[in-house]
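Trainee: I have a chain to read. Please show me how to go about it.

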Amino acid sequence: MKITIPSSLKWVIGIYFVITLLSYFVNLYSPLLYIWGFRNNMRFLIFAMMCAVFLKRRDIYTFLDILFGYFILNIFVVTYQFFFKGYNYNAIGDFISGLYAAGEKRGGNSALNWLLCIICAAAIIQYFNKEKSIWYLIVAIAGSTYMATLSELKVFFIEIIVISVVCICVSKSR
């Protein structure tokens, strides 16, 4: 079995490496700190490479379908946290993160934001490639904006515009 890494992923990793190296030389911080940060960020790119190399298209669609089911369940959990936990639980803003909640601790919003971005990007691309219906796209975007509103993820509204533009540009049926 010959393992090939997509050239677009090679470019992303190369550009990332050059940017981090330039940042290191401009800021002149500890080399150990650079190596630690590079390791932390590189693990996500290695994960992306492994997904691109070892997963087949139907595996990715299976994962996206499972993630969409998780997304639908998360809508109900976020609604429960916002409307039924109330201010006495401190379930406002950073405390609302759905299934990512860690009790009364903050910090689940970034994981919720990732979920929303992945679901929206997948729904937009699948809609433009005529793999999913308009209703799937509407549920994905409406559910995402609903959860972003309740959990006060203001940056998501900028991200959804960027995601939409990029997805429209890369979809097959332009």
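Trainee: How many helices and strands are in the chain?

Mentor: Helices (H or I, at least four residues) and strands (E, at least two) are DSSP runs, numbered from the N terminus. This chain has six helices and zero strands. This is a predicted model: local features need pLDDT of at least 70, side-chain atom pairs count only at pLDDT 80 or more, and totals for chains, interfaces and linings use all residues. Residues are numbered from 1 along each chain as its sequence is written, and side-chain values use heavy atoms, without hydrogens and water.

Trainee: Which residues of H3 are buried?

Mentor: Buried means under 20% relative accessible area (1.4 Å probe, protein chains only). In H3 these are Leu64, Phe68, Phe71, Asn74, Ile75, Val78, Thr79 and Gln81. They pack against helix H4 (109-128) and helix H5 (134-150), where contact means heavy atoms within 4.5 Å.

Trainee: How much space lies in the largest pocket?

Mentor: Rolling a probe the size of a water molecule over the atoms shows where empty space is left. On a 1 Å grid over the protein atoms alone, a pocket is an open set of points where a 1.4 Å probe fits, with protein on both sides within 12 Å along at least five of seven lines; lining residues have an atom within 4 Å of a point. A volume is the space filled by probe spheres set on the points. Here the largest pocket holds about 1,500 Å³. Of its 33 lining residues, the closest to the centre are Ile60, Leu64, Ile118, Ala121 and Ile125.

Trainee: Which helix gives the most to the lining of the largest pocket?

Mentor: H4 does, with eight residues.

Methods: Buried means under 20% relative accessible area, exposed over 50%, partly exposed in between (1.4 Å probe, protein chains only).
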